[in-house]
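Hi there,

Here is the structure I promised to pass on. Please have a look at it first, and then read on for what turned up.

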Amino acid sequence: PTSVATNWASESARFTPGLRVVVLHGPSRDVKQIAKADVVVTTYGLLRRDIEALSAVDFRCVVLDEAQNIKNAANATTRAANRLKADMRLALSGTPMENRLSELWSLASFANPGILGTPRLFERRFERPIASDRSSPLTLELRSIVRPFLLRRTKRDVLEELPPKTEINRIVSLSSADRRMYDALALSLREALKIDI
């Protein structure tokens, strides 16, 4: 994601200062810089936009941070990511699966193409049976297939010194101008819903 692209570059400078890092971002980005780089950082949006140039490069490794961005196998970002050529692929995600088992298929298939078969085969063999019966023996079979390729770390494993989560609720009052804008938007949405219903 755009929000972490510069962080990847600064972390690379911190931990691997000898590597040449190129950040492909903004309108003046130049994909020709890839040839001179050890590490290339770009965003999902630009991956889609620059996929013709990026898919022509043979990368040693492609790492997708916040890889839940490719959890939908049919979206343009996933299709672009799957076109990248690399000797090794890694998918990092704090939420590898939120709604459907097919999200796991999409991430696993990026990192290890073909491991779970085609989307249709996966749906028929695993997703539908497991969705209808969570205790199905197929759950264990699927787990045994993907487990060797997953590294799962919990907060406790990684940062034991973190304090427990603290939640602070703050009530924020809208200014009169913000309130008028909010009320106008709410009214127009209600009217649109009435028409749709």
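Let me begin with a helix pair: F122, R125, F126, P129 and I130 in α6 meet L138, T139, E141, L142 and I145 in α7, where contact means heavy atoms within 4.5 Å. By class, this contact of α6 with α7 has seven nonpolar, one polar and two charged residues. Here Ala, Val, Leu, Ile, Met, Phe, Trp, Tyr, Cys and Pro count as nonpolar, Asp, Glu, Lys and Arg as charged, and the others, Gly among them, as polar.

Before going further, please note that this is a predicted model, in which local features need pLDDT of at least 70 and side-chain atom pairs count only at pLDDT 80 or more, while totals for chains, interfaces and linings use all residues. Residues are numbered from 1 along each chain as its sequence is written, and side-chain values use heavy atoms, with hydrogens and water left out.

Helices (H or I, at least four residues) and strands (E, at least two) are DSSP runs, numbered from the N terminus. α6 and α7 (residues 137–146) pack at an angle of about 125°, with axes 9 Å apart; the axes are lines fitted to C-alpha atoms, for helices over the stretch in contact, and angles run from 0 to 180 degrees between N-to-C directions. The two helices are therefore oblique to each other (under 35 degrees is roughly parallel, over 145 roughly antiparallel, 65 to 115 roughly perpendicular, and the rest oblique). Their crossing is left-handed, meaning that the near helix is turned anticlockwise from the far one by less than a right angle; clockwise would be right-handed.

On to the other partner of α6. Helix α5 (residues 101–111) packs with α6 (residues 119–132) at about 140°, again with axes 9 Å apart, and α5 passes α6 in a right-handed crossing. L101, S102 and W105 of α5 make this contact with P119, F122, F126, E127 and I130 of α6. Six of the contact residues are nonpolar, one is polar and one is charged.

Which element gives the most to the lining of the second largest pocket? That is β3, with seven residues. The lining as a whole has 21 nonpolar, four polar and five charged residues.
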